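Here is a short report on nonpolar packing and ring pairs. Look at the model first.

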Amino acid sequence: MPDGALPLTPEALRDNLMFGTPDHVVERIRHYEALGVDHYCYGASFGLPHAVALRSLELFGRHVMPHFTAARASTQ
């Protein structure tokens with residue numbers, strides 16, 4: 001493991017990746033937004049069955065993205 005790298009424990013994955021309900025994901029993205037992060041790269045495959053990955057993308061598009069599109073539109 002490189003110096004300074006976090007161990008890949010279940011807890012580290014839970015705390016640092018975007019898992020959970022849409023509300024939880026919105027909360028996590030808001031945390032990063034407050035730190036100055038202004039881009040997010042969505043990825044849902046990671047070996048998931050195709051139908052599960054599509055469901056994740058659908059939930060993200062319907063229930064997470066609307067919380068951020070208004071803020072982006074107001075800065076353009």
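This is a predicted model: local features need pLDDT of at least 70, side-chain atom pairs count only at pLDDT 80 or more; totals for chains, interfaces and linings use all residues.

Residues are numbered from 1 along each chain as its sequence is written, and side-chain values use heavy atoms, without hydrogens and water.

**Core.** Six residues form the largest nonpolar core: Val-25, Val-26, Ile-29, Phe-60, Val-64 and Phe-68. Such a core joins buried Ala, Val, Leu, Ile, Met, Phe, Trp, Tyr and Cys residues through side-chain atoms within 4.5 Å. Buried means under 20% relative accessible area, exposed over 50%, partly exposed in between (1.4 Å probe, protein chains only). Helices α2 (22–34) and α3 (50–64) each give two or more residues; helices are DSSP runs of H or I, at least four residues, numbered from the N terminus. The largest share, three residues, is from α2.

**Ring pairs.** There are two aromatic pairs. Rings of Phe, Tyr and Trp (its six-membered ring) pair if their centres lie within 6.5 Å; planes under 30 degrees apart are stacked, over 60 edge-to-face, the rest tilted.

| Pair | Centre distance | Plane angle | Class |
|---|---|---|---|
| Tyr-40 and Phe-60 | 5.7 Å | 20° | stacked |
| Tyr-42 and Phe-60 | 4.7 Å | 40° | tilted |

Tyr-42 lies in the loop between α2 and α3 and Phe-60 in α3, so their pair ties together parts 18 residues apart in sequence. Phe-60 is buried at 11% relative accessible area. Tyr-40 is partly exposed at 38%.

**Loop residue.** Leu-17 sits in the loop between α1 (10–16) and α2. Leu-17 is partly exposed, at 38% relative accessible area.
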